[in-house]
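Here is a short briefing for a reader who is new to this model. Please look over the sequence and the 3D view before reading the points below.

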Amino acid sequence: MIKNWLFGITSAMAETAAAAPAAGEAMPEINPVAQLLTMLLPLVLMGLVFYFMLIRPQRKKDKKVKEMLDNLKAGDRITTIGGIYGTILNIKDETITLAIGQKNGAPTEMTVARWAIRQVEEVTVENDGEVLA
């Protein structure tokens with residue numbers, strides 16, 4: 001088995017040496033279009049892989065986040081990127097006022113940037129003994 005494998009390698013090397021031009025002969029000309037395609041094809045394939053594996057999924061995710069931020073309304077229960085749970089009281093342009101709990105019977109308010117909202121909560125969360133919906 002090893003003899004067959006070695007014989008295959010040596011015969012392939014002999015064929016390659018026989019196909020190569022002699023010392024005084026010129027190399028056969030290669031079509032420039034074919035040469036250009038062989039250089040550009042790997043780059044094009046890498047670009048397609050990057051697009052479908054990195055760029056396209058990120059654009060989909062960004063579109064979903066933008067849609068979520070555009071659909072915020074007063075009364076929504078949200079989570080900020082800092083991990084704070086709150087209920088939206090007021091929305092002005094790029095700032096949002098949140099109720100994050102109660103102190104002495106009055107809600108504790110906090111103002112955050114619109115982009116700092118991570119997600120809108122679908123379930124109720126208990127906050128200081130009060131169930132916020």
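Helices (H or I, at least four residues) and strands (E, at least two) are DSSP runs, numbered from the N terminus. Residues are numbered from 1 along each chain as its sequence is written, and side-chain values use heavy atoms, with hydrogens and water left out.

**Overall layout**

- The protein has 2 helices and 7 strands.
- Along the sequence, these elements follow the pattern α-α-β-β-β-β-β-β-β.
- Of the 133 residues, 18% count as buried. Buried means under 20% relative accessible area, exposed means over 50%, and partly exposed lies in between (1.4 Å probe, protein chains only).
- The protein exposes about 10,800 Å², and carbon and sulfur atoms supply 63% of that area. Accessible areas come from the Shrake-Rupley method with a 1.4 Å probe; for residues, only the protein chains shown count as cover.
- Contact means heavy atoms within 4.5 Å. Among contacts between residues at least 6 apart in sequence, 37% join residues at least 24 apart.

**Confidence**

- pLDDT is the predictor's confidence in each residue, from 0 to 100.
- The mean pLDDT of the protein is 82, and 71% of its residues reach 70 or more.
- Among the elements, strand S1 (residues 77-80) has the highest mean pLDDT, 95. S6 has the lowest, 53.
- Where pLDDT is low, the predicted coordinates should not be read in detail.

**Nonpolar core**

- A nonpolar core is a set of buried Ala, Val, Leu, Ile, Met, Phe, Trp, Tyr and Cys residues joined through side-chain atoms within 4.5 Å.
- The largest one has 9 residues: Met68, Leu69, Leu72, Ile78, Ile88, Ile96, Leu98, Val112 and Ile117.
- Helix H2 (32-70) and strand S3 (95-103) are the elements that give two or more residues to this core.
- In soluble globular proteins, nonpolar side chains tend to be buried together.
- Leaving aside neighbours within four places in sequence, Ile88 is in contact with Leu72, Lys73, Ala74, Gly75, Asp76, Ile78, Ile96, Thr97 and Leu98.

**Salt bridges**

- A salt bridge is a side-chain nitrogen of Lys or Arg within 4 Å of a carboxyl oxygen of Asp or Glu. The structure holds 2 of them.
- Side chains of opposite charge can pair when their charged atoms come close.
- One joins Asp70 and Lys66, at 3.1 Å from N to O. The two residues are separated by about one helical turn, because they sit 4 residues apart in helix H2.
- Asp70 is partly exposed, at 48% relative accessible area. Lys66 is exposed, at 53%.
- Lys73 and Asp76 form a salt bridge too, with their closest N and O atoms 3.2 Å apart.

**Around Asp76**

- Asp76 is buried, with a relative accessible area of 11%.
- A polar atom of the Asp76 side chain lies 3.1 Å from the backbone nitrogen of Lys73.
- Beyond its neighbours within four places in sequence, Asp76 is in contact with Asn71, Gly86, Thr87, Ile88 and Val120.

**Around Glu121**

- Glu121 sits in the loop between strand S5 (117-120) and strand S6 (125-127). Its relative accessible area is 16%, so Glu121 counts as buried.
- Not counting residues up to four places away in sequence, Glu121 touches Arg77, Ile78, Thr79 and Tyr85.
- A polar contact is a pair of N or O atoms within 3.5 Å; within protein, one must be able to donate a hydrogen and the other to accept it, and residues adjacent in sequence count only if both atoms are side-chain atoms.
- The Glu121 side chain makes such a contact with the side chain of Thr79 at 2.5 Å, and another with that of Gln119 at 2.7 Å.
- Glu121 and Asp76 are 45 residues apart along the chain, yet their C-alpha atoms are separated by 7.7 Å.

**Positive phi in loops**

- Most residues other than glycine have a negative phi, and most peptide bonds are trans.
- Asp93 has a positive phi of about 35°. Asp93 lies in the loop between strand S2 (85-92) and S3 and is exposed, at 69% relative accessibility.
- Asn104 has a positive phi near 55°. Asn104 is found in the loop between S3 and strand S4 (106-113) and is exposed, at 80%.
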